[in-house]
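Please open the model in your viewer and keep the sequence panel beside it.

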Amino acid sequence: MSKNEIAKRQRLIISMLSYGPMNLNEITRRLHEASDNEDELNFSRSTFKRDIHDIGYLYGVMIEFDFHTRRYYIASGDDKVSSVYDTRLYETLDPCDSLKADRRYRQFILLDERNVCDEHNLPTILSAMESNKMLSFCYYNFEKDEHTERTVAPCFVKESKYRWYLIAMENNQVRMFALERMSRIFKMKKKFDRKSLPDIKAIYDNCFGLNMPKAGEKIEDVVFTVNAVNRRYLESLPLHWSQVITDGDDGRSMVSLHLYITYDFVMELRSMGDIEVIEPKHLKDKIACATSNLM
C-alpha cells in the first residue's frame, strides 16, 4: 500500500473519531464506505494498532480504547480552547473526509478541486518538527523559474487559500515554502534548538492570512465602518480574534481590530467593497488609492 493510501486512511480515522467514539467494526465499515476501491482501505486489527501508534507520533493525536464501552476515542484534556483547536486541526487534515466517508452523499456535494497540497509530504515534515530535526529539500521558485537546495529548521505548517506552507527558519530568517513546490524532502540527523527560535506563533496570532509583518512594523489599532450586509458576514466569520463590532451612525457599524497591517489584510479589506477606514491614516490612504484606481 502506498504512503498516500496510508495517510488517507489515518486522516479518515482521525476525522471519524473527532466526532465521537466508535468500535472497530464501525470504523471498518466507514472506511469501506469512503473507499472507491473495495480493498484500498481494508485493514486488520494489527494494522489498526500500527495506525494508532503512527497517528500519535505524526499528528500528536492520542487514540485510546475504552474497555467499558468497547470503543476507541480521541483522548483530550479539559481545556475548552484546546478542544476547539484540536477539532479544527483534525478537520484541516482533510476538511472533506467526513463528507466523503458516505457514498450516499457524494452526488450532492460540489467540492472545490483547487486543493494543490502534496499531502504525502506532511508526515515527514511533521515528524521533523516533532523531533526538532533539520529538514532538507529541493524548492522550485516560480518567479525565478529555478530549483534550489534548502536546509531549514521547520517550525510550523500553515494553510492559506487552498495551499499549505512550511514556516521555517533559514539563515536566521523566517521563510515560507509552498508544500507543492517542495521535492526530495529529507529529515536530517542534525537537530535544532526550538527554544532559540522566534515566537512565530505569537506573531501569527496578531496577523491576518499568511504574510508576516516586515521588520520594524508594529501592531496597530484598525477601525473601519461597514454596511449591514458586511457586518453579518464579519459576525459569522470574524477577520481576527481581536475583532469588535459596535453600532455606528447612519445604519453603519464600527469594526475595531488590533493586529499587524500586512499585505493579506489590506487585500482582504479591498475585497469587501463598501468599507470606510477611519484609522490608521496610512491604511485609509491605501484603501482610498485602490478604490480610485478601480474607478
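The stops below move from strands to aromatic rings, then to a pocket and to some backbone features.

**Before starting**

This is a predicted model, in which local features need pLDDT of at least 70, side-chain atom pairs count only at pLDDT 80 or more, and totals for chains, interfaces and linings use all residues. Residues are numbered from 1 along each chain as its sequence is written, and side-chain values use heavy atoms, with hydrogens and water left out.

**Stop 1: strand β3 and its partners**

Select residues 133–141, which form strand β3. Helices (H or I, at least four residues) and strands (E, at least two) are DSSP runs, numbered from the N terminus. Two strands are said to pair if DSSP finds at least two bridges between them. Strand β3 runs antiparallel to β7, and five bridges join the two. To view one of these contacts, select S136 with its bridge partner F186 in β7. Strand β3 also pairs with β4 in the antiparallel sense, over seven bridges. Here C138 has E149 of β4 as its bridge partner. Four residues lie between the strands in the hairpin of β3 and β4, where D145 takes a positive phi near 55 degrees.

**Stop 2: aromatic pairs**

Rings of Phe, Tyr and Trp (its six-membered ring) pair if their centres lie within 6.5 Å; planes under 30 degrees apart count as stacked, over 60 as edge-to-face and the rest as tilted. Select Y139 and F177: the planes of their rings stand at 85 degrees with centres 5.0 Å apart, so the pair is edge-to-face. Because Y139 belongs to β3 and F177 to strand β6 (residues 173–178), the pair ties together parts that are 38 residues apart in sequence.

Y139 is buried at 7% relative accessibility, and F177 is buried at 2%.

Next select Y140 and F142, an edge-to-face pair with 5.4 Å centre to centre and 80 degrees between the planes. Y140 is partly exposed, at 23%, and F142 is partly exposed, at 44%. A further selection is the aromatic cluster formed by F48, F65, F67 and Y72.

**Stop 3: charges over rings**

A charge sits over a ring if NZ of Lys or CZ of Arg is within 6 Å of the ring centre and within 35 degrees of the ring normal. Then select K158, which lies over the face of Y204 at 4.9 Å from the ring centre.

**Stop 4: the second largest pocket**

Centre the view on V174, R175, M176, N211 and M212, which lie nearest the centre of the second largest pocket among its 24 lining residues. A pocket is found on a 1 Å grid over the protein atoms alone, as an open set of points where a 1.4 Å probe fits, with protein on both sides within 12 Å along at least five of seven lines; lining residues have an atom within 4 Å of a point. The space in this pocket is about 720 Å³. Grid points are joined across faces, edges and corners, and the volume is the space filled by probe spheres set on the points. β6 gives the most to the lining, with five residues.

**Stop 5: strand β8**

Select residues 220–226, strand β8: five of its seven residues are buried, so the strand is largely enclosed by the rest of the structure. Seven bridges join β8 to β10, which run antiparallel; F224 and V255 are bridge partners there. Strand β8 pairs with β11 in the antiparallel sense over four bridges, and T225 stands opposite E276.

**Stop 6: backbone features**

Most residues other than glycine have a negative phi, and most peptide bonds are trans. Select R184 in strand β7 (residues 182–191); its phi is positive, about 50 degrees, although R184 is not a glycine. R184 is exposed, at 59% relative accessibility. D250 lies in the loop between β9 (244–247) and β10 (253–259), with a positive phi near 55 degrees. Finally, select E279 and P280, which are joined by a cis peptide bond with omega about 0 degrees. P280 is placed in the loop between β11 (275–279) and α10 (281–294).

Note on methods: Buried < 20%, exposed > 50% of the residue type's maximum accessible area, 1.4 Å probe, protein only.
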